[in-house]
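The following note comments on the domain arrangement and on one helix of the chain. Please read it alongside the sequence and the model.

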Amino acid sequence: MEGQYFHAKGPLGELSLTYPREVKVERQEEGVLKVSKAVETRRANQMHGLFRTLTDNIVVGVSKGFEKKLQLIGVGYRATVEGNEVVLNLGFSHPVKMTIPEGLKVKVDENTRITVSGYDKSEIGQFAASIRKWRPPEPYKGKGIKYEDEVVRRKEGKAGKKK
């Protein structure tokens, strides 16, 4: 801690955060950080909740890390990791190649399960979302790339002609 600047270093990496003036952060006994509002305004309420969560994500990230799991559903949909790239076969005429950002690890199980892990929660979420964006799950057959815990709401197809 240095004023409004927080820096965390752990076994997985290091992250830092600068707090706005609406939020004050104090170090208490046993290394406990207390994030509180400096003023009573609506923006201070918003910033307090945001920066409390960001601080928690930084501390948990550098010590334990985070992971996001994706699942490919569809005939012929598969993924592989080649060097520093994720190669996705998603039914296009060409394979989709995505470069893995610095600090993230990508693992593929059974050709259809992708695990993105690392210490920066926002980077993990952003990369997983960019993978999912290539083929979001569709509501009729459920094909596409979905998060492991995501529930795809299914729609009924055409009902046919009524007499």
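1. Domain bounds here come from an automatic or database domain assignment. That assignment gives domain 1 (5–64) and domain 2 (66–147), whose centres, taken over C-alpha atoms, are separated by 31 Å. Nine residues from domain 1 and four residues from domain 2 make the contact (heavy atoms within 4.5 Å).

2. This is a predicted model, in which local features need pLDDT of at least 70 and side-chain atom pairs count only at pLDDT 80 or more, while totals for chains, interfaces and linings use all residues. Residues are numbered from 1 along each chain as its sequence is written, and side-chain values use heavy atoms, with hydrogens and water left out.

3. About 510 Å² is buried between domain 1 and domain 2, with 67% of it on carbon and sulfur atoms. Buried area is the accessible area (1.4 Å probe) that two parts lose on being put together, summed over both.

4. Helix α2 (residues 121–132) has twelve residues and reaches 16 Å from its first C-alpha to its last, close to the 16 Å expected at 1.5 Å a residue (1.5 Å times one less than the number of residues). Helices are DSSP runs of H or I with at least four residues, and strands are runs of E with at least two.

5. I124, F127, A128 and I131 of α2 are buried (under 20% relative accessible area, with exposed meaning over 50%; 1.4 Å probe, protein chains only). They lie on the same side of α2 because they cover an arc of only 100° around the axis, taken from the directions from the helix axis to the C-beta atoms. On the other side, S122 and Q126 are exposed.
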